[in-house]
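Please open the structure in a viewer and keep the selection tool at hand.

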Amino acid sequence: MGIFSFFYFATVIVLCAILVVAFRNPVYSVISLLVLFFHVAGLFVSLHAEFLAAVQIIVYAGAILVLYLFVVMLLNLKRDDSYQRQVWIGVGLGAAALGEVIYLIAKAKLEPAALVNRVSQVTSGTQEGNTEMVGRLLYTKYLFPFEVASLILLVAMIGAILLAKKALPEVRDE
Amino acid sequence: MNNLVPLSYYMILSGVVFLTGLVGVLIRRNIIILLLSIELMLNATNINFVAFSYYLHDIAGQVFVFFALTVAAAEVAVGLAIFIALYRGTPSVNVEEFNLMKG
């Protein structure tokens, strides 16, 4: 069961990733990225990260992609644009890097046999849910990074407003 | 439920998605697609974080995905704002036409 759902999610994720890059129309790219995000959320559920699956759908699919669609449709960017001239160099470099990644992963000793005797936090049989565990860690050990993250969001909000607004007309002194 | 999928499968999936995003940045000219490719790369790292969090029985990996998500949201907001500001001056989506800072 587990391996079949993994292969389903992995196949759809890889196909959608390739389609995002290959489609010439940006609207189609955004839609296939949406499908990819939903399947990544499914993968998170199968890895017992239910909170992140929900956040993935709400933030990525709900907020980020809607922003992309707004910009694409607002500026009417349906004009066809060509690829770079060095398509085959880029694809060849990507294939070579992929070979390297697979070689390294195959060589590495990844079986976590020595690690499974640690106290299981993710799938422990306690009553505490995934969201509670993430929240507890976020508000105790990672409290300072959490505050920094909120500061990043504030700065991004101010920056986005300042960059995207039209220049105000000069205020004349009477 | 016991998950029988080896950890290396998740890492290969993550590597494939990351490299697809990288190739997208290399071969496309459309700014929107470049930003979408960066989203792909960030998602690939998120898959890796969650897979390691599951296999090492450590919830901290999921907290880091949360931070990566925050950074992704900020990046999209600022990136699209820069793009809109650029589009007002030069109505084009082709990255090769934006060479104002070229010496």
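**Before starting**

This is a predicted model, in which local features need pLDDT of at least 70 and side-chain atom pairs count only at pLDDT 80 or more, while totals for chains, interfaces and linings use all residues. Residues are numbered from 1 along each chain as its sequence is written, chains are lettered from A and ligands numbered from 1 in the order in which they are written, and side-chain values use heavy atoms, with hydrogens and water left out.

**Stop 1: chain A as a whole**

Helices (H or I, at least four residues) and strands (E, at least two) are DSSP runs, numbered from the N terminus. Of the 174 residues in chain A, 35% are buried. Here buried means under 20% relative accessible area, exposed means over 50%, and partly exposed lies in between, with a 1.4 Å probe and protein chains only.

Now switch to a surface. Chain A exposes about 11,100 Å², of which carbon and sulfur atoms supply 71%; accessible areas come from the Shrake-Rupley method with a 1.4 Å probe, and for residues only the protein chains shown count as cover. Contacts, meaning heavy atoms within 4.5 Å, can also be sorted by separation in sequence. Among those in chain A between residues at least 6 apart, 55% join residues at least 24 apart.

**Stop 2: helices α2 and α3 of chain A**

Select residues 26-46 of chain A, which form α2(A), and residues 50-74, which form α3(A). The axes of α2(A) and α3(A) come within 8 Å and cross at roughly 175°. Axes are lines fitted to C-alpha atoms, for helices over the stretch in contact, and angles run from 0 to 180 degrees between N-to-C directions. The crossing makes α2(A) roughly antiparallel to α3(A); angles under 35 degrees count as roughly parallel, over 145 as roughly antiparallel, 65 to 115 as roughly perpendicular and the rest as oblique. Residues in the contact include A:L33, A:F37 and A:F44 of α2(A), and A:I57, A:Y60 and A:L69 of α3(A).

A:S32, in helix α2 of chain A, is buried, with a relative accessible area of 7%. Leaving aside residues up to four places away in sequence, A:S32 touches A:C16, A:L19, A:V20 and A:F23. A:H48 lies in the loop between α2 and α3 of chain A and is partly exposed, at a relative accessible area of 25%. The phi angle of A:H48 is near 60°, a positive value in a residue other than glycine.

**Stop 3: across to chain B**

Among the contacting residues are A:Y60, A:I64 and A:Y68 of α3(A), with B:L35, B:E39 and B:N43 of α2(B).

Next, select B:H57 in the loop between α2 and α3 of chain B. B:H57 has a phi near 55°, again positive in a residue other than glycine, and is buried, with a relative accessible area of 14%.

**Stop 4: helix α4 of chain A**

Select residues 87-107 of chain A, the 21 residues of α4(A), which should span 30 Å at 1.5 Å a residue; the end C-alpha atoms are 30 Å apart, in agreement. The expected span is 1.5 Å times one less than the number of residues. Which residues of α4(A) are buried? They are A:V87, A:G90, A:G94 and A:I105. Seen down the axis of α4(A), these fall within an arc of 65°, so they line one face of the helix; the arc is that of the directions from the helix axis to the C-beta atoms. The buried residues of α4(A) pack against α1 (7-27) of chain B. Exposed residues on the other side of α4(A) include A:W88, A:L93 and A:Y103.

**Stop 5: helix α6 of chain A**

Finally, select residues 143-164 of chain A, which form α6(A). A:F146, A:A149, A:A156 and A:A160 are buried in this helix. They cover an arc of only 70° around the axis, which puts them on the same side of α6(A). Their cover includes α5 (130-140) of chain A together with α3 of chain B. The face turned away from the buried side carries the exposed residues A:F144, A:V155, A:I161 and A:L162.
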